[in-house]
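Biologist: I would like to go through this model with you and ask what stands behind each label. Could you set the values against the definitions for me?

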Amino acid sequence: MSSLPPGFRFFPTEEELVGFYLRNKLEGKREGLERVIPIVDIYSLDPWELTSISGELCTGDEEWFFFSPRQEREARGGRPNRLTPSGYWKATGTPSYIFSTTTTDSHKIGLKRTMVFYEGKAPTGNKTKWKVNEYKAFEEASTSSAAPKVRHEMSLCRVYVTSGTLRSFDRRPLVSGTGEMLQREETGRAITDGTSMEEQGPSMNPSLAEDADPELNTTDELDALLNSFDWD
């Protein structure tokens with residue numbers, strides 16, 4: 001991966017994070033995903049320690065991606081431990097859905113929760129600019145009317161520092177025709193996670209969409225790119 005072309009950035013949409021990376025990891029369908037997104041218990045480290053152990057594609061970027069396995073206490077039915085050596089992660093806002101737009105019947109494929117890092121002991125810690133988006137995938141429903149079930153054995157986390165400027169995590173151009181109407185309809189019903197519309201980007205506010213650099217726009221292209229890498 002050291003031979004990537006100049007200007008390359010790992011800039012996946014939330015749909016790609018859940019529908020491609022997390023789902024393939026959960027189902028064991030791809031080898032070598034850990035070189036792109038490593039497996040780390042992010043809640044056992046302080047957030048600034050995570051930047052040096054991120055995947056090879058995140059070098060020099062301002063957001064870092066990790067697969068985070070379910071903790072043993074959580075597997076036994078307890079609450080996850082989000083205490084780190086220097087502080088703790090605290091959930092903010094309400095969980096929101098991640099939708100698939102690859103089909104004509106846009107449907108929910110996962111769940112997103114946002115957390116903020118506080119330095120010090122709970123509940124009197126000092127709020128920092130570190131945040132994490134924790135994504136969990138849904139089991140594939142047998143029918144469209146079936147209630148989605150969350151897969152808890154592995155989550156995908158996006159760690160970043162809020163900068164006070166526009167953050168367009170999903171700045172892909174909207175497709176024309178039916179796809180655009182579906183996306184606008186679903187984002188209009190999306191559940192807020194407590195962040196601002198500017199911070200959520202055009203995935204929650206299509207009017208914020210901007211001209212993106214040349215990027216991978218489909219999971220097929222992502223698949224082709226990963227196949228092109230020399231994983232040895």
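Modeller: Gladly; here is a conversation about the labels and the values behind them.

Modeller: This is a predicted model, where local features need pLDDT of at least 70 and side-chain atom pairs count only at pLDDT 80 or more, while totals for chains, interfaces and linings use all residues. Residues are numbered from 1 along each chain as its sequence is written, and side-chain values use heavy atoms, with hydrogens and water left out.

Biologist: What is the mean pLDDT of the chain?

Modeller: The mean is 74, and 63% of the residues reach 70 or more; pLDDT is the predictor's confidence in each residue, from 0 to 100.

Biologist: Let us turn to single residues. Why is Ser 54 called buried?

Modeller: Buried means under 20% relative accessible area, exposed over 50%, and partly exposed in between (1.4 Å probe, protein chains only). Ser 54 has 18% relative accessibility, so Ser 54 counts as buried. Its place is in the loop between helix 2 (47-50) and strand 1 (63-69). Leaving aside neighbours within four places in sequence, Ser 54 is in contact with Pro 38, Trp 64 and Phe 66.

Biologist: What makes the pair of Ser 54 and Thr 51 a polar contact?

Modeller: A polar atom of the Ser 54 side chain lies 3.3 Å from the backbone oxygen of Thr 51. A polar contact is a pair of N or O atoms within 3.5 Å; within protein, one must be able to donate a hydrogen and the other to accept it, and residues adjacent in sequence count only if both atoms are side-chain atoms.

Biologist: Is Gly 55 buried or exposed?

Modeller: Gly 55 is buried, because its relative accessible area is 4%. Not counting residues up to four places away in sequence, Gly 55 touches Arg 35, Val 36 and Pro 38.

Biologist: And why is Glu 56 called partly exposed?

Modeller: Glu 56 has 38% relative accessibility and therefore counts as partly exposed. Glu 56 also lies in the loop between helix 2 and strand 1, and its C-alpha atom is separated by 5.9 Å from that of Val 36, 20 residues apart along the chain.

Biologist: Why do Arg 70 and Asp 41 count as partly exposed?

Modeller: Arg 70 is partly exposed because its relative accessible area is 37%, and Asp 41 counts as partly exposed because its relative accessibility is 29%. Arg 70 and Asp 41 are 29 residues apart in sequence and 8.4 Å apart in space, C-alpha to C-alpha. Beyond four places in sequence, Arg 70 is in contact with Ala 75, His 152 and Glu 153, while Asp 41 touches Ser 68, Pro 69 and Gln 71.

Biologist: What makes a space in the model a cavity?

Modeller: On a 1 Å grid over the protein atoms alone, a cavity is a set of points where a 1.4 Å probe fits but cannot get out; lining residues have an atom within 4 Å of a point. Of the 14 residues that line the largest cavity, the closest to its centre are Tyr 43, Pro 69, Glu 74, Glu 134 and Ser 155.

Biologist: Which peptide bond is cis?

Modeller: The one that joins Ala 122 and Pro 123, with omega about 0°.

Terms used
Helices (H or I, at least four residues) and strands (E, at least two) are DSSP runs, numbered from the N terminus. Contact means heavy atoms within 4.5 Å. On a 1 Å grid over the protein atoms alone, a cavity is a set of points where a 1.4 Å probe fits but cannot get out, and a pocket is an open set with protein on both sides within 12 Å along at least five of seven lines; lining residues have an atom within 4 Å of a point.
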